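Here are a few friendly notes to read alongside the model. Please keep the structure open as you go through the points.

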Amino acid sequence: MQTTFSVLFYPRGNDIDKNGNAPIYLRITVNGKRSECSIKRKVLLTRWNSEGGRVRGTTANVRELNRYMGSIKAKIYKIHETLSDNRELITADIIKSIYQGKGIKHKMLLEIFQNHNDKIERLVGKEFAPGTIERYKTAKKHVENYINLEYKTADIPVKDIDHKFISGLEYYLKTERKCAHNTAIKYVTNFKKIVRIALANDWISKDPFLNWKAKLKIVEREFLTEKEIQKMVEKELHTERLDQVKDIFLFSCFTGLAYADVKKLSRNDIVLGIDGDKWIKIKRSKTDTRSSIPLLPTALEILDKYNEHPDVSNRGRLLPVLSNQKMNAYLKEIATLCKIHKNLTFHLARHTFATTVTLSNGVPIESVSKMLGHKSLRTTQHYAKILDRKVSDDMKILKAKMKASVLVTERKIK
C-alpha cells in the first residue's frame with residue numbers, strides 16, 4: 001500500500017526558557033498520523049526559519065545544529081527505506097522507536113484473538129448470546145491449529161497475515177477439519193474480525209482480506225411437509241421420553257421458536273394479544289430481537305399437556321426441554337419410527353414453521369419474518385421456501401381474476 005511520509009523539525013513555542021530558547025522537536029508523519037520527540041537541542045525563536053525547518057545564521061554553532069538535524073533526517077529516511085524494502089509495517093511510531101533504539105514488539109495474532117474473545121465472554125447475556133462466544137472460541141482454536149501445522153510455531157505476528165495465510169486457512173478447514181464450504185467460510189469470516197481490529201489499531205497497514213471474497217453456497221434447507229407433520233402427530237411412540245421430544249419438536253413447528261427460546265420459555269412470555277388470544281412475546285436468545293407469535297391450537301394443546309409436568313413446575317418453564325444433543329439424537333429415532341426419510345434436527349422445525357405452516361397457507365413473508373424475529377426479509381427467505389403448491393394456488397387466483405376480466409371485456413366488445 002502506498003504510504004505518505006514526511007519529516008520536519010519545529011521549536012515548541014509553549015516551552016520557552018528564561019533566555020528565549022525553545023526545545024526543537026522532530027515530527028514524523030506517516031499516512032497523516034504523527035509521532036514526535038525532542039532532539040535535545042534548543043534554539044532562539046527569532047533565529048528559526050519555519051519554511052526551511054532550519055536555524056538562520058552562519059556561526060559555527062548554527063552550522064553544527066543544522067548539520068545535526070540533517071543527519072537525523074537522513075537516518076529517518078533510511079529507516080523508512082529499510083522498512084519499505086523489507087515490506088514491513090510502517091507507522092510513525094515504529095520509525096521513531098527504531099530511531100530511538102527501542103525494540104519493536106510486534107502484536108501477536110492469537111494474543112489479539114484471545115483478548116477479543118475475553119471481551120465478548122464478559123458481555124454474554126448483555127450484548128452477545130452464548131453461541132457467539134462459542135463460535136469465536138472454535139474459530140480461534142482452528143486458527144491456532146492451522147498455525148501449528150503450517151508454520152510450526154505457537155503464534156505469529158499479526159503483520160505476517162497475508163492472502164496466502166487466509167487462503168491456506170480456508171483450505172485447511174475444508175481438508176484437515178472436514179468443514180463444509182459454508183462452515184469454513186463462516187470461520188474465516190470470524191477470523192476477519194480480528195484482522196479488522198488489527199487494522200483499526202494500526203498494528204497492520206494493509207488489509208490482507210482485500211482480494212478474498214466470501215462466497216456462501218445456497219443450501220436447500222429441509223422442512224416437513226403437511227403429510228409428514230400429520231404422520232408425527234398421529235404416531236404413538238413406545239416411550240414417554242420419545243413422546244415428550246416429539247411434542248416439543250411439534251411445538252416448534254407451530255411456533256417457529258429456536259431451541260434456545262423454547263428451552264427458556266416461561267409463563268411471563270405468554271400474553272393476551274391484540275386479538276384477545278394468547279401470544280408468545282419473547283426476545284430471541286441469538287439476536288436479542290423481539291418475536292411476536294400468535295399461538296396456534298396445536299401449540300396451545302402441547303402447553304396444556306405439560307402444564308403439570310414436574311420439570312416444568314420446578315424450573316418455572318413451560319416445557320420440559322432436554323439438551324439440544326439429546327433432543328437431536330431422539331429425533332433421529334422418531335424419524336425412523338415415523339418413516340420420515342429426512343435428517344430430523346430440532347432446527348428443522350423452524351424451517352417447517354416458515355415454509356409449511358405459514359407461507360404455504362398464505363401468511364405474507366413480512367408477518368413470517370416478524371414471528372421468526374428476523375431483522376431482514378433476506379434472512380427469512382433463507383428459511384422459507386415457496387412450495388409449488390403455493391405457486392399453483394396463487395396462480396389459480398390470478399387466472400380466475402384474468403378470466404373474469406376477459407369476460408367483462410368480451411361483454412363490452414359485444
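**Notes on charge pairs and burial**

1. E228 and K342 join their side chains in a salt bridge, at 2.8 Å from N to O (a side-chain nitrogen of Lys or Arg within 4 Å of a carboxyl oxygen of Asp or Glu). Because E228 sits in helix α7 (residues 226-234) and K342 in the loop between α12 (324-337) and α13, the pair ties together parts 114 residues apart in sequence. Helices here are DSSP runs (H or I, at least four residues), and strands are E runs of at least two, numbered from the N terminus.

2. A word on the basis: this is a predicted model, where local features need pLDDT of at least 70, side-chain atom pairs count only at pLDDT 80 or more, and totals for chains, interfaces and linings use all residues. Residues are numbered from 1 along each chain as its sequence is written, and side-chain values use heavy atoms, leaving out hydrogens and water.

3. E228 is buried at 14% relative accessible area, while K342 is partly exposed at 22%. Buried means under 20%, exposed over 50%, and partly exposed in between (1.4 Å probe, protein chains only).

4. D243 and K305 form a salt bridge too, at 2.9 Å from N to O. D243 belongs to helix α8 (residues 240-253) and K305 to helix α10 (residues 297-305), so parts 62 residues apart in sequence are tied together.
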